[in-house]
Amino acid sequence: MITPSHHARRIVAAVILVTGFLGLAVGFVGVSGPAAAIGIGRTATMATTTATSPPPGSAGVSPAYMVATVEGNVVPFGDAGNFGSFTQPPPATVAEASPPGTTGGGLTGSASATGSTTMAPPAAGSTSTTESAVNASPATSWSPISAGSPVVSAAALQGGTGYWLSTANGGVFSFGSAGYFGSAGQLDPNEAPGGANALHLAKSIVAMAATPDSQGYWLVGADGGVFCFGDAAYQGSLGQLDPNKAPGGANALHLADSIVAIAATPDAQGYWLVDTAGAVYAFGDAAYRGSMGQLDPTKAPGHANAAPDSYPIVAIAATPDAQGYWLVDTVGAVYTFGDAAYRGSTGQLDPTEPPGGSNAATLARSVVAVASTSDGRGYWIESADGGVYAFGDASFSGSASGHVAAHDAAVSLVATQPYVDGGSAAARQAVAFALSQVGQPYLYGGTGTGGYDCSGLVMVSFANAGVILPRQAQEQFDADIELPAGLPLLPGDVVFFGTGPTGIQHDGIYIGNGQMVDAPHTGADVRVESYQWDDYVGATRPAP
């Protein structure tokens with residue numbers, strides 16, 4: 001066993017999902033342009049966490065997370081829901097696995113354009129794969145799922161009502177109320193899998209990220225290919241740095257190190273990729289804030305501006321405002337960039353005390369994952385044996401170290417309630433009720449029986465918290481004082497849209513991180529989405 005050294009390492013983590021270490025040596029990488037980054041490192045000695053209790057400083061925010069393993073096991077903690085796994089059905093309802101290459105019943109959606117390191121969207125990527133989905137509807141029987149490929153990543157729905165597992169061959173498995181939007185073996189879930197409706201991947205899939213509204217997801221390959229499903233937008237890949245130009249040539253990068261993780265911006269209009277050397281590649285509205293080889297992005301890379309002697313990077317995580325990110329390596333060191341803040345690490349459990357000794361974890365298997373609290377002021381770090389450490393305002397809800405077999409390994413740690421904490425108890429109760437209705441159909445005039453319209457959802461959610469609101473959106477806006485422009489919103493604030501203060505046409509409930517839950521329109525279900533619409537009018541606070 002080893003005790004990791006953390007000299008010159010600044011460590012933090014905030015991410016919704018991360019993937020495991022690929023076991024590749026790290027070399028020097030230098031790139032420029034839309035995805036500028038440089039990284040240096042060396043091969044790591046494999047290490048493990050055996051944490052079963054929280055380190056000093058845990059304050060108790062968002063105590064819900066789940067651990068996913070290579071063999072498709074899922075272990076929930078805190079308030080995280082259990083919706084089943086490859087080896088276990090959900091405890092209350094039973095889901096039936098569809099055969100490889102078919103869609104799960106009742107799951108709908110369509111694939112959007114995808115990109116890879118070799119081809120332009122939508123005909124992207126290049127190794128044959130299969131796809132599987134889990135039926136979201138209860139069934140009378142259940143049998144274990146045989147994916148034919150190891151699980152490499154996981155993602156959760158906003159509000160924690162379901163999750164996805166993705167496999168190295170590009171399969172996507174949905175559980176709970178998570179929708180199936182396609183996979184590498186079935187680009188369009190409404191068409192038969194295989195043939196022209198499948199990708200031929202040049203490299204294995206290594207990571208997955210979900211859109212904030214839970215209506216889509218990205219898969220990313222080890223070569224930097226990016227594949228988009230549902231409403232996940234294609235913003236480029238390492239084979240097509242600028243998605244508006246032809247792929248390849250000067251518009252492509254050829255990696256010396258494998259991509260290991262992806263993190264999406266909160267508005268789903270951009271994403272970052274990171275490789276084992278710590279090179280960071282930014283696409284869409286994702287801002288480049290530095291890398292292992294360029295700690296300060298305003299200065300020349302390398303030498304004094306490069307991180308000294310690091311282990312392979314396994315994860316990237318974005319801050320809630322998308323103005324910074326953290327990189328995490330196999331021994332739990334996390335490097336901060338932009339506005340990312342340091343809260344401690346496996347080598348410095350209490351950041352106010354010197355690192356090492358009794359203030360460090362002794363590891364025997366590598367760190368593989370990190371997940372942030374909803375406000376970005378805390379995070380969890382997970383090791384391959386399922387051990388979990390909590391830092392900052394992250395609350396420790398348990399460890400999977402006793403649940404992961406020696407022949408298995410944890411690969412993802414997912415926070416299942418990624419919302420900004422705050423607001424009154426009544427506001428939080430209204431938010432919780434509204435989130436529990438995600439997936440219910442839109443019904444004009446609906447207040448719960450058969451569905452909701454926008455103001456019906458708002459009214460019933462607050463009534464559940466003991467706050468009485470009028471029935472119509474305009475009346476709801478008029479019933480409270482409008483919050484001053486520029487005042488930060490809190491979960492439970494009601495956000496309004498229309499032509500102006502006397503022309504309110506829609507409303508929803510703000511839940512944090514720039515997101516709201518609302519009943520949008522006929523033909524759509526209650527969902528989580530960005531509140532930053534062009535016709536945004538203002539907000540009120542019915543439960544201060």
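This is a predicted model: local features need pLDDT of at least 70, side-chain atom pairs count only at pLDDT 80 or more; totals for chains, interfaces and linings use all residues.
Reader: Why is α2 called mostly covered?

Author: Buried means under 20% relative accessible area, exposed over 50%, and partly exposed in between (1.4 Å probe, protein chains only). Nine of the eleven residues of α2 are buried, so the helix is called mostly covered. Among them are Cys454, Leu457, Val460 and Phe462.

Reader: What covers the buried residues of α2?

Author: The cover includes α1, α3 (473-478), β23, β24 and β25. Contact means heavy atoms within 4.5 Å. Helices (H or I, at least four residues) and strands (E, at least two) are DSSP runs, numbered from the N terminus.

Reader: How do you know that β24 and β25 pair?

Author: Two strands pair if DSSP finds at least two bridges between them. Strand β24 (residues 504-512) and strand β25 (residues 515-518) have three bridges, in the antiparallel sense, and therefore count as paired. The bridge partner of Tyr510 is Met516, in β25.

Reader: How is the direction of α2 (residues 454-464) set against that of β24?

Author: α2 makes about 45° with β24. Axes are lines fitted to C-alpha atoms, for helices over the stretch in contact, and angles run from 0 to 180 degrees between N-to-C directions.

How values were computed. Residues are numbered from 1 along each chain as its sequence is written. Side-chain values use heavy atoms; hydrogens and water are left out.
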